[in-house]
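Me: Could you walk me through how to read a few features of this one?

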Amino acid sequence: MESSLQNSDKQRTGPIFPTPLVLAVGIASAIYTSVGHILAGAYTKSPAKAVDRQALFVAISLCVIVAQTFILAHRERHPVSSFLAMAATMGVVMLLLNSRTFAHTPLYIFSVISLSIHVKGRRFATSLTAAILLDIVCQLALMTESEPSSRENLTLETANIIINVIFTYIIYVSIGKIASNYRSKIFQFHRRFSTLQDEHRRHTKEIIVHERRQMARELHDITAHHLTGIVIQSEVASKLYEKKPAEVRDLLTSISSEAKNSLESLRQIVGILRLDGGFDIAPQPTMDNIHELIDDFRKRIESIELEEKGNFDHLSTAIQLTCYRIVEESLSNVVKHAPNASVTISLASSGGAIAFDIVNSPPQATVEGSGGGFGLVGMAERVDLLGGTLRTGPTAEGGWQVCGRICGKEQDQ
């Protein structure tokens, strides 16, 4: 997991030294080496003898720089082996050209910095120590070949070479470690940014799912309430058409009113979904609307008793809306599944919570079909979102009971 994150970070940020930069530095190093040899030959005491030597040195330098460019191009995949190969070419150039200045090309400096970025621990220390020892040994070999020195001068020059080499590599490694820390911070930033993006997408998805469920519950509650009344009254009207035509007229008027109310409620829901706000959004029902709801159902249910305890005004809007929908759904189910049954509704408020108990007597007539809708599921989801409890099931007498408690732990969105 960690390596995959690092690989994705590298793909975003790219290497410290891109391949085009390495090629450009290689070309610049070749030009630098060629010009340096030409200028060195121009100031020699025997320019004629130096021409062939310069040509040889330039050719060797160009070949070495091309090789270093090719080796450095593989530094990302093989940092240790590419660095050791670069150190070997550095030693070859130093011995052939008799110059440490031309041996420490910018490409070799890049390889030291790249090693300090990509490698840590024992592998880094071992590789760097080998390069330092090789650099010191090559310089000592060049020093002993140039001219003999006294023991005192030899010791002093050796110490000078060691100090110079160590100081040089300290500078290279320091640059690499600074670049490594900077790169690590970039990786952490991208990783944190990716994490935040994932969390944002997950949170957005959860909100969308929640809103869809809530909208589905609202659509179901609204349509189930109104359409149930329309269906029941239509069936009654068809039975009373010939015997009591006056009552049929009242039923048809009620059906028309229910249809208009259902249409208006659906228009309000659609208005919520529209981005341009094309419809007016009416306020959601609260506990104050319970009495109107019950009065409306008294036209289809012979007996409804309501018992209220406590003050409902201090309850949150979410709790009041949920309680209203539970009562509405319960009464709709009585109309559909328990004809001629009586209903008792108990609502009690204490603190920031509300307890409800809705019980209906056994049905007095046979009901065709069965349940299987989403009414009970919607009620359970509403109560669960607010941190409450809900129990539904048949009573011992053959009726149905819906009871529970909402304790006010609503999840405001």
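Me: Where is the place of isoleucine 166?

Reply: Helices are DSSP runs of H or I with at least four residues, strands are E runs of at least two, and both are numbered from the N terminus. Here isoleucine 166 sits in helix α8. Bear in mind that this is a predicted model, where local features need pLDDT of at least 70, side-chain atom pairs count only at pLDDT 80 or more, and totals for chains, interfaces and linings use all residues. Residues are numbered from 1 along each chain as its sequence is written, and side-chain values use heavy atoms, with hydrogens and water left out.

Me: Is isoleucine 166 buried, exposed or partly exposed?

Reply: Buried means under 20% relative accessible area, exposed over 50%, and partly exposed in between (1.4 Å probe, protein chains only). Isoleucine 166 has 39%, so partly exposed is the label. Across the protein, 39% of the 413 residues count as buried.

Me: Which residues touch the most other members in the largest nonpolar core?

Reply: A nonpolar core joins buried Ala, Val, Leu, Ile, Met, Phe, Trp, Tyr and Cys residues through side-chain atoms within 4.5 Å. The largest has 33 residues, and Phe83, Tyr108, Val112, Leu128 and Tyr169 touch the most other members. Helices giving it at least two residues each include α4 (79-97) and α8 (151-240). There's also a separate second core of 30 residues, with Leu315 and Met379 among them.

Me: What does leucine 128 touch?

Reply: Contact means heavy atoms within 4.5 Å. Leaving out residues up to four places away in sequence, leucine 128 touches Phe83, Val112, Leu115, Tyr169 and Val173.
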